[in-house]
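Dear colleague,

Please find below the structure that I am handing over to you. A summary of the findings follows it.

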Amino acid sequence: MNKDKFFPATIMPDKDWWHALWPNPEMVIRDVGIAAGMRTVDLCCGDGYFTRPMCELSSQVYGLDLDADLLGQTETACCTYSNFQSILGDARDLPQLIDGLVDFVFMANTFHGVPEQDRLSRAINETLNEAGRFAVINWYRRPREETTVLDQPRGPDKELRMQPEDVQQIVEPAGFMLEKIIDVGPYHYGAVFIKSGKSQG
């Protein structure tokens with residue numbers, strides 16, 4: 001696949017500092033509201049760091065990514081789970097890529113780099129059931145030199161980072177209502193939205 005098609009500033013980090021940020025990924029997905037028995041989507045799943053614990057909790061898990069190499073790593077991480085299905089594709093085409101409606105869409109460290117964020121938000125709305133939820137995990141807008149992991153500045157440049165209210169302004173018009181904002185690590189927040197109706201677009 002043409003690397004130019006990948007979303008900008010969303011490169012998958014090395015696992016050592018990913019683990020340093022989130023030593024307990026299951027706690028993160030539980031904190032945002034993923035619960036036992038849900039049908040869930042790990043959107044832009046990367047190497048499957050959050051996808052694997054989702055498989056242990058959810059009844060059905062879809063892991064979607066544009067990058068075939070990363071998706072292969074997710075497939076390896078989740079190969080023992082019969083409730084896992086991998087999808088190679090563009091997150092903005094989500095309704096056409098999965099069967100039926102889901103309960104929860106989870107997206108970590110990618111929303112800031114997605115072109116047409118409003119289109120993505122509408123696609124997620126179409127994919128969720130009536131009371132479905134969408135969680136965005138993002139870096140707080142702080143300079144990289146203030147967000148160090150293993151003694152190195154990490155994360156996208158400050159101007160690319162989105163505060164919770166920036167995400168809210170994009171997601172809510174797509175048919176969502178902000179439910180809560182929580183801290184999920186030293187430098188990240190989780191903005192959790194509940195489906196509220198049809199989009200305005």
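Accessible areas come from the Shrake-Rupley method with a 1.4 Å probe, and for residues only the protein chains shown count as cover. On that basis, the protein has an accessible surface of about 9,100 Å², and carbon and sulfur atoms hold 47% of it.

This is a predicted model, in which local features need pLDDT of at least 70 and side-chain atom pairs count only at pLDDT 80 or more, while totals for chains, interfaces and linings use all residues. Residues are numbered from 1 along each chain as its sequence is written, and side-chain values use heavy atoms, with hydrogens and water left out.

Seven helices and nine strands form the secondary structure (DSSP runs, H or I of at least four residues for helices and E of at least two for strands, numbered from the N terminus). The C-alpha trace spans about 45 × 40 × 35 Å along its principal axes. Of the 201 residues, 51% are buried, that is, under 20% relative accessible area. Among contacts (heavy atoms within 4.5 Å) with a separation of 6 or more, 64% join residues 24 or more positions apart.

Met162 lies in the loop between strand E7 (152–153) and helix H7 (164–171), and is buried with a relative accessible area of 8%. Leaving aside residues up to four places away in sequence, Met162 touches several residues, including Phe111, His112, Trp139 and Tyr189. Trp139 is 23 residues from Met162 in sequence, and their C-alpha atoms are 7.1 Å apart.

Technical notes:
Buried means under 20% relative accessible area, exposed over 50%, partly exposed in between (1.4 Å probe, protein chains only).
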